[in-house]
Amino acid sequence: MKYAILAMSMALFAFAPAARADATADAKKEAQKVADAFIAAVNVKDPQKSVEAVLANFTEDAQHIGVFGRVHGKKEFMQILPKAFADPNRSARLTALDAISLDKDTILSISHFDNVVTGPDGKPMPLPLRCTRLLQRQKDGRWLISAEHTSFGPPPPPPPAAAKRN
Amino acid sequence: MKMTTIAAAALTLFTAGAARAGDAKSEVNEQIKAWAAAFNAHDVGKLMAQYAEDPRYIYAFAGQEGAGKASLEAFYKQSFQMTPDITVKLVSYDVIPVNATTAVGMGVWEDTFTGPDGKKITAPTHSSELFVKVGGAWKVRVDHASFVPPPQPPPPAAVPAKPAK
């Protein structure tokens, strides 16, 4: 029995890194789906439909801090987004995404977007954004954003070059 | 009797859950105050003790972004050298408990430091921290800070047309 427990512990220890890698891969896949749905929603031309599609990715009580100030829940989002989404030059593109699996129902995603908005001169202006999001799996299996922080900022630095092997 | 027992058990579970959420809120609030105290003392050692072993950070000034304690420690050391009088003041902080070992904090801050022209600057900033409970203590796993954007003018499409003369 003692050896069985030892063997099981060793097996768990041996498989732990693989399990972590799987969890990270799954987290990234789910975070990518949410980010893609969000981007597609932002790029819907009709402002009202765009807002509705964007908010479909958020929980009812989703919390936001950042470019829209401090927002508590979808009702407050509805007060802010229609004005922001009235911009005729509005568009967004995902440029980078990473995800951390916190548990089977919780993911933290770190992403970068290249947004375009109308600048002070009336012309389209690039607006790079960084975004951290807490994604939570719902009872129906969907992953929704329950908290997010968006901020202006350049894209992430390129990954360091692979170390040279001697 | 059976119904009473079930109701009592449900109430106990509900109360225990609410107590845990309350604990997380007060514990994380204390933790962020300790973070601010360490930051204002420019005590890099105490500051680093607030973080989990594998932190990620996304910061305000020039888009600094990185991972790992060594990188974050180097960032703080450089920041304190470049802005030797920088301090932060916590204006408000909301804690959103996620589960027994995860919570998100969202903060509104005021950062004060001397700018390149020698004048004192107080800048409003936002933060969000992903806290994870490690060995009974809440630690920052992901730290995101940003300047509060200035109010934006409405997009051209929403600007009412000038009245005709």
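How many residues of chain A are in contact with residues of chain B? In this predicted model, 27 residues of chain A are in contact with 23 residues of chain B, contact requiring C-beta atoms, placed from the backbone, within 7 Å. Strands here are DSSP runs of E with at least two residues, and helices are runs of H or I with at least four, numbered from the N terminus.

| Element of chain A | Residues |
|---|---|
| Strand 1 | 58–66 |
| Strand 3 | 91–103 |
| Strand 4 | 106–118 |
| Strand 5 | 124–137 |
| Strand 6 | 143–152 |

B:Val104 is in contact with A:Leu134 and A:Ala147, among others, leaving aside its neighbours within four places in sequence.

In chain B, six strands form an open sheet of mixed pairing in the order 2-1-6-5-4-3; strands pair if DSSP finds at least two bridges between them. Strand 2 (65–67) and strand 3 (87–99) of chain B are at the edges with a single partner strand each, so one side of each lacks a neighbour in the sheet. Strand 1 (residues 51–58) of chain B pairs with strand 2 of chain B in the antiparallel sense over three bridges, and B:Tyr57 stands opposite B:Gly66.

Residues are numbered from 1 along each chain as its sequence is written, and chains are lettered from A and ligands numbered from 1 in the order in which they are written. As the model is predicted, local features need pLDDT of at least 70, side-chain atom pairs count only at pLDDT 80 or more, and totals for chains, interfaces and linings use all residues.

Notes:
Two residues are in contact if their C-beta atoms, placed from the backbone, lie within 7 Å.
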